[in-house]
Amino acid sequence: MPILAAAYGSALIYMTALPLEGDTQSFTGDLLSCLLTLVSIILTFFLVNRVESKLFTSARQFSLRMPKWPIIIGLMMIAPLWLVAEGYLVYGLTSLFHTVQLETLTYTTSELREDLMASIHAVLLAPVLEELCFRQMAISPFRRRGAQVAVCVVMAVLFGILHVRNFPGAFFAAMVYGLVFIWSRNIWYGIALHAGHNLTVTLLAIYCWLELGDMQMAKTPVIFLPDTPVIVGSVVLAFGGVLLMQRYFTASGRRM
């Protein structure tokens, strides 16, 4: 099942990226890509909810119901700190094997415009499709926690391979999203973290375009190393996100 889920997810991602092929991006290509992704999400929701749940009774232990807004917002507030941690983790591990060539991250107006167009897809659509395919469909058929974690590792490797140059970062991100899914029994927790991660990348692009700080990046593998104001801001946001979720769980009588 994990291999089938990965093949299915990879095929959908490839199909949705076809309108973006070429040297220049266009509004029509971006719009068509978003529409194809939306159709893919609807199809995948149907397969997970109506087909997988009947074939694998253990899949019913995982919920497709979206959590209340304090949880979604809280997780998205935690995501920037995860992006910072991911960048330094990949940088540290890569530095053990070879020197990482860092350069100052800059953005031109045209580059920012392209990124803002792509962010609509990257924040609102891609996380839903990718989490459904690489986490929900692959992990939920297994009942035992040990098997779920093993599948999580396999899917993280496949997810990393799919992202080519960003293999280390994609692998660690997939591990976090997968473990969060296993712990929460709800795919929307991972989707919220994934969307928050991608949204943070877009906000950092604006941050660099406005020349508000000095961020460093490497191209192979892709690494973002934010400056001190971004790190401090990420910690403050994460603290606020945890506090928001804690208050919600306390008020509702549920455990976090």
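**Figure 1. The bridge between K219 and V222, and the sheet around it.** In this predicted model, K219 has V222, a residue of strand β3, as its bridge partner. Strand β2, which covers residues 216–219, pairs with β3 in the antiparallel sense over four bridges; two strands are said to pair if DSSP finds at least two bridges between them. The open sheet is made of three strands in the order β1-β2-β3, with antiparallel pairing. Because β1 (103–104) and β3 (222–225) each have a single partner strand, they stand at the edges of the sheet, and one side of each is left without a neighbour there. Strands are DSSP runs of E with at least two residues, helices are runs of H or I with at least four, and both are numbered from the N terminus. Residues are numbered from 1 along each chain as its sequence is written, and, since this is a predicted model, local features need pLDDT of at least 70 and side-chain atom pairs count only at pLDDT 80 or more, whereas totals for chains, interfaces and linings use all residues. Side-chain values use heavy atoms, with hydrogens and water left out.

**Figure 2. The salt bridge of E103 and K219.** E103 forms a salt bridge with K219, and their closest N and O atoms are 3.8 Å apart. This pair links distant parts of the chain, since E103 belongs to strand β1 and K219 to strand β2, 116 residues apart. A salt bridge is counted when a side-chain nitrogen of Lys or Arg lies within 4 Å of a carboxyl oxygen of Asp or Glu, and by this rule the count comes to two. E103 counts as partly exposed, at 37% relative accessibility, where buried means under 20% relative accessible area, exposed means over 50%, and partly exposed lies in between (1.4 Å probe, protein chains only).

**Figure 3. The salt bridge of E131 and R135 in helix α5.** The side chains of E131 and R135 meet in a salt bridge, with 2.7 Å from N to O. Both residues lie in helix α5 (residues 126–139), where they are four residues apart, about one turn of the helix. E131 and R135 are both buried.

Figure 4. A disulfide is a covalent bond between the sulfur atoms of two cysteines. With a disulfide defined as a pair of cysteine sulfur atoms within 2.5 Å, the count comes to zero. The cysteine sulfur closest to that of C34 is in C133, at 16 Å, which is too far for a bond. The sulfur of C152 also has its closest cysteine sulfur in C133, here at 15 Å, again too far for a bond. C34 is buried, with a relative accessible area of 17%, and C152 is buried as well, with 2%.

Figure 5. V149, V153, V157, I161, F167 and L179 make a nonpolar surface patch of about 420 Å². Patches are made of residues with over 30% relative accessible area and no salt bridge, with like charges joined within 9 Å and nonpolar side chains (Val, Leu, Ile, Met, Phe, Trp, Tyr) within 5 Å; the areas come from the Shrake-Rupley method with a 1.4 Å probe, and for residues only the protein chains shown count as cover. Helices α6 (145–162) and α7 (167–184) each supply at least two residues of the patch, and the largest share, four residues, comes from α6. V157, found in helix α6, is partly exposed, with a relative accessible area of 32%.
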